[in-house]
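Take a walk through this fold with the model open beside you. We will go from loops to sheets to helices.

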Amino acid sequence: MFLSLNMSRLSNGKLDLVLSTKTEESENPSEIRKDYRSGYLVVISRLRSKQYISSITTEEYKNNSTAFDKSLDLESRLAKCAFEPGKEDLNKEVVRVGSPWEIRVIENKFPSLSKNANVSRWRGENGLFELIGGHGYNEVVIDSPNHEELLEGMNTNQLTQWLDMLIDREEELYKRDNVKYVQIYRNYGIKAGASIEHPHTQVMAWPILAGTVAKEVKSSKRYLKKHSTCLYEDALKKEVENGRILTENSTFIAVAPFASRFAGESMILPKRHLSYLGGTEKGERKDLVEILKSVLKTNKELFGDISYNFSFHDYKYNPDLHMHLEIYPRILNLAGVELGQNIFVNTMSPEDYAKEFRAKQECSKR
Ligand SMILES: [Zn+2]
Ligand SMILES: [Zn+2]
């Protein structure tokens with residue numbers, strides 16, 4: 001990057017400072033930059049157009065009236081929804097299941113990473129301005145043709161079909177050149193960053209393994225070396241002993257992790273050691289969707305129709321990680337401590353959450 005400072009005298013005698021920057025990367029549609037202060041990775045995306053920013057900063061959007069206002073009747077919300085059957089031309093389709101379709105995968109119209117970004121190694125100036133091309137893929141899985149059909153309301157067959165599709169896309173994206181990591185996640189509700197109400201899940205293929213999953217792989221490897229056991233399996237025993245279990249079935253278990261960052265945070269993990277979603281067997285997939293449905297349903301009974309995110313933490317290329325699904329209810333906004341320090345304040349202990357969760361499930365059974 002070249003930085004030049006041009007100073008010139010204006011006619012009124014004031015000094016005019018013009019900071020002009022020229023970046024080698026200026027033509028790159030997406031980059032992943034490393035912050036020299038904190039080591040954070042940041043995706044700088046030039047693909048998310050000005051139109052996108054302005055569309056989400058309007059009063060209308062802020063007041064939830066475009067995408068999510070339940071006070072609008074269903075008909076008006078469907079009229080505005082780009083994921084409705086009949087509007088297939090609005091998005092570039094990747095694949096669909098069923099005729100008429102039951103699940104449809106499309107390319108994300110506002111991607112963060114780009115297949116057109118350059119493929120590069122980390123580079124930078126004296127370890128200061130390190131960056132790598134934001135090469136990758138962003139797909140959206142439309143969970144159902146029905147605008148109001150949520151995961152917790154679907155039957156097991158629909159849900160396994162949905163999970164199979166996610167796993168197919170993950171497998172397919174891992175096969176592409178320069179893809180090092182594939183993330184499956186979901187944003188539900190405006191506080192979770194969703195811009196479309198229609199139920200959908202996302203699959204994102206990254207050019208590097210970074211962020212939390214990279215850290216988890218590292219800690220798993222370190223723990224295994226020291227104790228010859230799996231970090232997650234040892235931790236799970238304690239989570240259960242200390243009353244942080246939520247629910248379980250024959251192959252999966254859900255707990256409220258010891259250091260949950262969010263009120264009502266949960267983690268779902270297989271009872272046997274598996275590092276990659278693609279390694280699950282048919283029966284395990286059924287158990288996984290059933291436990292996910294059970295957690296989402298009980299969360300809704302406890303907290304109402306709140307926004308949430310979830311993210312699968314699984315990885316194809318290292319067997320040490322014990323795969324899991326993390327669910328983050330987004331009841332409170334992130335505030336100064338979280339953003340300024342990256343330290344989370346959680347006002348509901350995981351022990352209290354687990355206790356309330358189990359009581360709620362017990363009383364729904366009756
Ligand atoms: Zn819709
Ligand atoms: Zn394990």
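Where in the chain does N342 lie? N342 sits in the loop between helix 8 (336-341) and helix 9. Helices here are DSSP runs of H or I with at least four residues, strands are DSSP runs of E with at least two, and both are numbered from the N terminus.

A word on the source. This is a predicted model, in which local features need pLDDT of at least 70 and side-chain atom pairs count only at pLDDT 80 or more, while totals for chains, interfaces and linings use all residues. Residues are numbered from 1 along each chain as its sequence is written, and chains are lettered from A and ligands numbered from 1 in the order in which they are written.

Most residues other than glycine have a negative phi, and most peptide bonds are trans. N342 has a positive phi near 55° and is not a glycine. N342 is exposed, with 9 other C-beta atoms within 10 Å. The cut-offs are these: 20 or more other C-beta atoms within 10 Å of a residue's own make it buried, 12 or fewer make it exposed, and anything in between is partly exposed, with C-beta atoms placed from the backbone. N178 also has a positive phi, about 65°, and is not a glycine. N178 lies in the loop between helix 4 and strand 9. N178 is partly exposed, with 15 other C-beta atoms within 10 Å.

Now step back to the whole chain. The chain holds 9 helices and 15 strands. Of its 366 residues, 32% are buried. Among contacts with a separation of 6 or more, 66% come from residues 24 or more positions apart. A contact means that two C-beta atoms, placed from the backbone, lie within 7 Å.

Next, the sheets. Strands of a sheet pair through backbone hydrogen bonds, either parallel or antiparallel. Here two strands count as paired if DSSP finds at least two bridges between them. One open sheet has 10 strands, in the order 5-6-8-10-9-14-15-13-12-11, with antiparallel pairing. The twist averages 20° from one strand to the next.

Strand 5 pairs with strand 6 in the antiparallel sense over 4 bridges. E93 stands opposite I106 in strand 6. The two strands make a hairpin with 5 residues between them, and G98 in the turn has a positive phi of about 90°. P100 lies in that loop between strand 5 and strand 6. The peptide bond from S99 to P100 is cis, with omega near -5°.

I106 stands opposite V140 in strand 8. Strand 6 is largely enclosed by the rest of the structure, because 4 of its 5 residues are buried. Further along the sheet, 4 bridges join strand 9 to strand 14 (residues 308-313), and the two run antiparallel. There, Y185 stands opposite S311 in strand 14.

Another open sheet has 3 strands, in the order 4-3-7, with antiparallel pairing. Strand 4 (41-45) and strand 7 (131-133) form its edges. Its twist averages 25° from one strand to the next. S30 has S45 in strand 4 as its bridge partner.

Turn to helix 4 (residues 156-175). Its 20 residues reach 29 Å from first C-alpha to last, close to the 28 Å expected at 1.5 Å a residue. The expected span is 1.5 Å times one less than the number of residues. Buried residues in helix 4 include W162, M165, R169 and E170. Their cover includes strands 5, 6, 8, 9 and 10, together with helix 7 (282-303).

Finish with a helix pair. Two packed helices are described by the angle between their axes and the distance between the axes. Helix 7 and helix 9 (residues 350-365) pack at about 100°, with axes 10 Å apart. That makes helix 7 roughly perpendicular to helix 9. Angles of 65 to 115 degrees count as roughly perpendicular, under 35 as roughly parallel, over 145 as roughly antiparallel and the rest as oblique. Axes are lines fitted to C-alpha atoms, for helices over the stretch in contact, and angles run from 0 to 180 degrees between N-to-C directions. T298, E301 and L302 in helix 7 meet E356, F357, K360, Q361 and S364 in helix 9.
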